[in-house]
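Reader: Could you walk me through this structure, starting with the overall picture and then going into the details?

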Amino acid sequence: MIKSEEGLLFDLKRYAIHDGPGIRIVVFLKGCNLNCAWCHNPEGIEAGPERMYAPARCIGCGTCVSACPNGALTLTPAGIVTDESLCELCGTCAAVCPTKAIEMSGTLQTLEQLMFEIGKERTFFEQSGGGVTFSGGEPLLHPDFLVRLLDECRSRGFHTAVDTAGLVSTEILLEVARHTDLFLYDLKLMDSERHRRWTGAPNEKILANLQALAATGAKIQIRIPLVGGVNDDEENILQTARFLATLPGEKPVVNLLPYHMIAQTKYEKLGRGADFQKLEEPDPEKVRRALEIFGENGLEAEVGG
Amino acid sequence: MFEKVIIHNTIPERGASSEGNFYEPKAEQIGPGMNERIQQLRKLSVETEPSLSIERALHETEFYRENFGKLSVPVLRAANFYDHCARKTIYLGEGELIVGERGPRPKCVPTFPELTCHSVEDLNVLNTRELQRYTISEEDIETYRTTVIPFWAGKTQRERIFAHVPESWRLAYEAGMFTEFMEQRAPGHTALDGKIYQRGMLDFKAEIAGLLASIDYLNDPEATDKAEEWKAMEISCDAVILFAERHAELAERMAEELGVAISNCDEDETVIENRGTRRTELLRIAEVCRRVPSHAPRNLWEAIQMYWFVHLGTITELNGWDAMNPGHFDQHLAPFYEKELAEVTLTREQAKELISCFWIKVNNHPAPPKVGITARESGTYNDFTNINIGGIRRDGSDGTSELSYLLLEVAEELHILQPGFSVHIGKQTPDAFLMAAMRVIRQGHGYPSVFNPDVYVAELVRQGKSLEDAHEGGCSGCIEVGAFGKEAYLLTGYLNVPKILEVTLNNGINPVTGIPVGLQTGDPRTFQTYEELYDAFLKQLHYVVDLKMRVSNYIDRMFAKYAPAPFLSVVIDDCVTRGRDYYDGGPRYNTSYIQCCGLGTTTDSLAALKHHVFEAQRFPMDRVLNAVLHNFEGEEVLRQTIMNRTPFFGNDDDFADSIAVQVYNDLVDAIDGKPNIKPGGKYHLNMLSTTCHVYFGKVMGATPNGRLSGKSISDGTSPSHGADTHGPSAVMKSLTKFDHTRSGGTLLNQRFLPSLLKKEEDRVKLGQLIRSYFTLGGHHVQFNIVDTATLLAAQACPSDYKDLMVRMAGYSDYFNDMNADLQREVIERTENSGL
């Protein structure tokens, strides 16, 4: 059971320059309630720790095999094979692996530890108007911890941003909003059925939450992962633009994030290579057209974020 | 200074038929402002292969044969310089506005046999080697063999030095524990302040005449020495004036010939008009060359030509390291530019053309090649002229002006190897200038490097300079700082800090050869604590530094005695008023630098031993030392564990960083403030490596950080290759845990993929990253914008990437000119991928 003073992180990225204003640090909290086909952080989906194995780095030394307390590992010509029924995810193998071929994704960090790491970037925040971006996974799945972190950041004068897919209770979202300077709000598809098909959940709640959030006057940037053949069609873009144009308050800036397939190795490391779906990068012409459509609807849009 | 950059294209290809087949640059390859004249001059400069001229050696040999022993050494040196200026071939190329070459033509380099005399084998190697060839005819080699070599045998500076050095020094030197700069070239490292824009050579002569007239032979024990030095200074001023006058005469003669050609011909009007224009230009050149350097310049043209004559004088008189440097060129030229713009006697385009002409002149002057082993091995020969742009004025105010932007523009458009240029971004520097620099950095040429004047002013003040002199200072060569126009800050050589640790780990033996080369500080297998190990390392460090200083001091004295530089002394305060030479304590400030290499490798090796042997006790010392001794053969698990499970320098991790701080501070303590042999002169350190980290890696076995035998050590103060995994901000945090103001320069190379600089917003953030680093106390940073695929492709097919320029550690070179080790090094650098 995770206490509110601790959180499970799967990454901490310094000198992040495409996740909000200025130079930022991005805190990736583990666990997500969507399962998007194009997810490029698949290790962020599971709420618990996971074992990642990169055969290319494995030198076949067998150190992990003899270290495993449960005898779950076997060295084969193809590398290490794990008997999942015996593995308890204790992390011993990762701790002894000389090459970091085995790594645990998800380390428990206390509030103090995390704030210490974040604080290392203070000068860069101050010089650039940057700050901290909480991402995931879905950071709003850890509202208590998140709010504590946001408050700690604020008390130190760090700008805060929360990168969310919005599928949480409105109450939680609005509570977090009171502690947050900027939302990076993901929108994937306007048609709920298509949304369900590609992400595993319908979108009514997500859209309603965005409206509720906008109504509070929160500062919002919209992020749209643009995937060829999935959501880059003119109809979806047009619906998105119209929806955004009618949001209350200040018009949000739209960032289009074209799909890339560099996440493939991550799936393989998680032992989920089969889950990886090679999707299409959006056609440049469609990206151009999307920018045009947002512009026609009075929205500022750009590629990248 | 491992910094680098890649330039695409721009070396024009010569057409199949050279006859009238001029290179037509594509529009995107040249700046919109590069006019036809500049294109032609650039083409000539870039395409001409470096060659050797024996003219200077012949003049000098003849002169020494007749005059050695008749004159005091300073006067002999000055008269030798005068003799060469009077006789040397004068070159005035087509379309040139700024004139003067050290050799008989562009890219043609003289030799300096009084310092070090090339052997026939050296000349043959230079003439035939693959990299950086210097062509020389068989006939010239034969003349050298019969005339030059026999005369200088046994009399060169290099031979004097090697005849002296103690055995302990020789052993350490041959083991690669340090290098010695002054065995090949004269001590150099000179940058000018603004005095030559205020006073001409006749003004300097008048001052010297006054000093000579008031000399006190009755009471001043140095009277005779001073008198000889002053006489030598006078002669050297005359030499440069004569050199300029010979250009004026040649220009007038050429103008006259053009005049005759115009009146005698009936070609079409354009040809006649062009000749008329050139005739006017030649007459203007003659006028400029009669004005400067005798008198102070009155306008921009004269100011640039003034500097160029002084530059040529200093690099013809002697062959100093890092040649000569105009220092804050934008600040020096700005008053002329602004005055002429106001008077409408000059346009911005004309100013740009003149500056471009100067830029190309610098590129026409590759460094004279070295002798001995280095003739074969070393592939990089430029003279490290580093033009400082921006920064701080003498009065402490912001130094940027319209000229700063103009110099950046010229540098970007010309896209040539030399001169190097750097931007100086202090607290007061406007963001607009930083962003202008960012746009050039984005091009990926490796230029410009970025310096922090607020920190280096503090460095200079800490070294004892007045605040004003410190404000006027800057960086020359690569990253090393000095008080421009007032200081001799000589680089004495690189210190191989990881090698010192290696020898310590082997109780004084060089494990590569088995020869004892250092102190016996004990068998590390008997050490009970990390502190014991570190103390042994410290003892070894002090031993080696002392060895090096003893010989450097001796060499320094050899230059004062046998190879003074009276002309250089005229333009560096306070040589004239003191009546002492640049090499003899004449300058206001006298620094000897030792450049310490491999902070990253040393730190990571110590961190590995501390962590795995003494703290976690995962591996016993004996096992680690044996593994290192055998290049980790059969110990891959150990090596991988060390490489992946040791906190390394460059990740903002206090375990490793505190070791770096300790090593750095102990290097400072071992070196800084030790007296050199000049009045008030001191040793300081800087953390420069240029390409020496590659050589130093070659002389070493494996190291405890997992580095394999023969691989490069880390460069400058950058982290070891691949050791930094937390991005540039973490690297910068690690680097600023030690106090840069205790050094005379640190060096950080960061490699960025182009994707991190795509948008204007990205460049703004990179600018903010730089500001952050400088706020934290960083001295220098350089960015290489490259992608690995490009580099691999270039290695696979060099001919397709002829113009690929890589900026490493403060200098630039063509990727194809680098040897395979350097190329591999560039490729191995950590990429700060934004993905």
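Reader: In chain B, what share of the contacts with a separation of 6 or more comes from residues 24 or more positions apart?

Author: Happy to start there. This is a predicted model, in which local features need pLDDT of at least 70 and side-chain atom pairs count only at pLDDT 80 or more, while totals for chains, interfaces and linings use all residues. Residues are numbered from 1 along each chain as its sequence is written, and chains are lettered from A and ligands numbered from 1 in the order in which they are written. Two residues are in contact if their C-beta atoms, placed from the backbone, lie within 7 Å; among contacts in chain B with a separation of 6 or more, the share from residues 24 or more positions apart is 79%.

Reader: What percentage of the residues of chain B count as buried?

Author: A residue is buried if 20 or more other C-beta atoms lie within 10 Å of its own, exposed if 12 or fewer, and partly exposed in between, with C-beta atoms placed from the backbone. For the 835 residues of chain B, the buried part is 58%.

Reader: Is strand E13 of chain B covered or open, and how many of its residues are buried?

Author: On one side of E13(B), buried residues include B:Tyr589 and B:Tyr593, and on the other B:Ile594 and B:Cys596, so that both faces are covered. For this strand, which spans residues 589–597, the buried count is nine of nine.

Reader: Which residue of E14(B) is the bridge partner of B:Gln595?

Author: Two strands pair if DSSP finds at least two bridges between them. E13(B) runs parallel to strand E10 (residues 487–496) of chain B, with nine bridges, and parallel to strand E14 (residues 682–686) of chain B, with five bridges. In E14(B), B:Gln595 is partnered by B:Asn686.

Reader: Within what arc do the buried residues of H24(B) fall?

Author: In helix H24 (residues 621–629) of chain B, the buried residues are B:Met621, B:Val624, B:Leu625, B:Ala627 and B:Val628. They line one face of the helix, because the directions from the helix axis to their C-beta atoms fall within an arc of 160°.

Reader: Which element gives the most to the side of chain B that touches chain A?

Author: That contact takes 22 residues from chain B and 19 residues from chain A. On the chain B side, the elements giving two or more residues are H25, helix H28 (727–735) and H29. With eight residues, the main contributor is H29(B).

Methods
Helix = DSSP H or I, 4+ residues; strand = E, 2+ residues; numbered from the N terminus.
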